[in-house]
Amino acid sequence: MNVATILKSKGSDVAKLGPDVSLQDAARLLTEKRIGAVVIMEGDRLVGILSERDIVKAVSQQGAVALTTPLREVMTSRVVTCGLNDSVDEIMDSMTAGRFRHLPVVENERLIGIISIGDVVKHRMAETVMETEALKLYIASGA
Ligand code: AMP
């Protein structure tokens, strides 16, 4: 199973905002869409990612004034991405090593989706259930 398989079932929708949008507007978007991260785009260029962690950090450091801060000042600019052919094991390694739960999917320098740790867990569980059922059938067949 790879990134392409996951995107096939979840779709290619990605929540995006511009770098001049305020932290409060980003928090509103995350709440409305019930997601944990938003990708920051400048035109077609991926320039950052902002997750709920960044919001908590900014508010804890600056207080309520943080909510008016533009995203370019609080986002993570060095974004790790994955490609359609990356395996689930590879993206799990990447998330573990980088200690983050979101990976934008980029192909030919174009943003085409985003994978969250929730998507990975969901597909891993489905895969495990399928393997278990296949093993049960094999054992029951007495082959
Ligand atoms: P998360 O676990 O995704 O909520 O993110 C934890 C921290 O890692 C936050 O500071 C995010 O801005 C950052 N982050 C999230 N995803 C990525 C990514 N793909 N590449 C680099 N940093 C990221």
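Strand β2, covering residues 37-42, runs antiparallel to β3, and 6 bridges join the two. Two strands count as paired here if DSSP finds at least two bridges between them. Helices (H or I, at least four residues) and strands (E, at least two) are DSSP runs, numbered from the N terminus.

A quick word on the background: this is a predicted model, where local features need pLDDT of at least 70, side-chain atom pairs count only at pLDDT 80 or more, and totals for chains, interfaces and linings use all residues. Residues are numbered from 1 along each chain as its sequence is written, and side-chain values use heavy atoms, with hydrogens and water left out.

Back to the sheet. It's an open one of 3 strands in the order β1-β2-β3, with mixed pairing. β1 (16-17) and β3 (45-51) are at the edges with a single partner strand each, so one side of each has no neighbour in the sheet.

Now for the ligand. It is surrounded by 13 residues, and the closest are Ser 51, Asp 54, Thr 76, Arg 101 and His 102; a residue gets into this shell if one of its heavy atoms lies within 4 Å. Some side chains make polar contacts, meaning pairs of N or O atoms within 3.5 Å:

| Side chain (N or O atom) | Distance to a ligand oxygen atom |
|---|---|
| Thr 76 | 2.6 Å |
| Arg 101 | 2.8 Å |
| His 102 | 2.6 Å |

On its own the ligand has 480 Å² of accessible area, and the protein covers 91% of that (Shrake-Rupley method, 1.4 Å probe). β3, α3 (52-62) and β4 (102-107) are the elements giving two or more residues to the shell, with β4 giving the most, at 3 residues.

Finally, let's look at two residues. Glu 42 sits in strand β2, opposite Arg 45 in β3. Is Glu 42 buried, partly exposed or exposed? Its relative accessibility is 34%, so Glu 42 counts as partly exposed; buried means under 20% relative accessible area, exposed over 50%, and partly exposed in between (1.4 Å probe, protein chains only). Not counting residues up to four places away in sequence, Glu 42 touches Pro 19, Val 47 and Arg 72, where contact means heavy atoms within 4.5 Å.

His 123 lies in helix α5, residues 117-141, and is buried at 11% relative accessible area. Leaving aside neighbours within four places in sequence, His 123 is in contact with Met 1, Thr 5, Ile 6 and Ser 9. Glu 42 and His 123 are 81 residues apart along the chain, and 32 Å separates their C-alpha atoms.

Key:
Polar contact = N/O pair within 3.5 Å; in protein donor to acceptor, adjacent residues only side chain to side chain.
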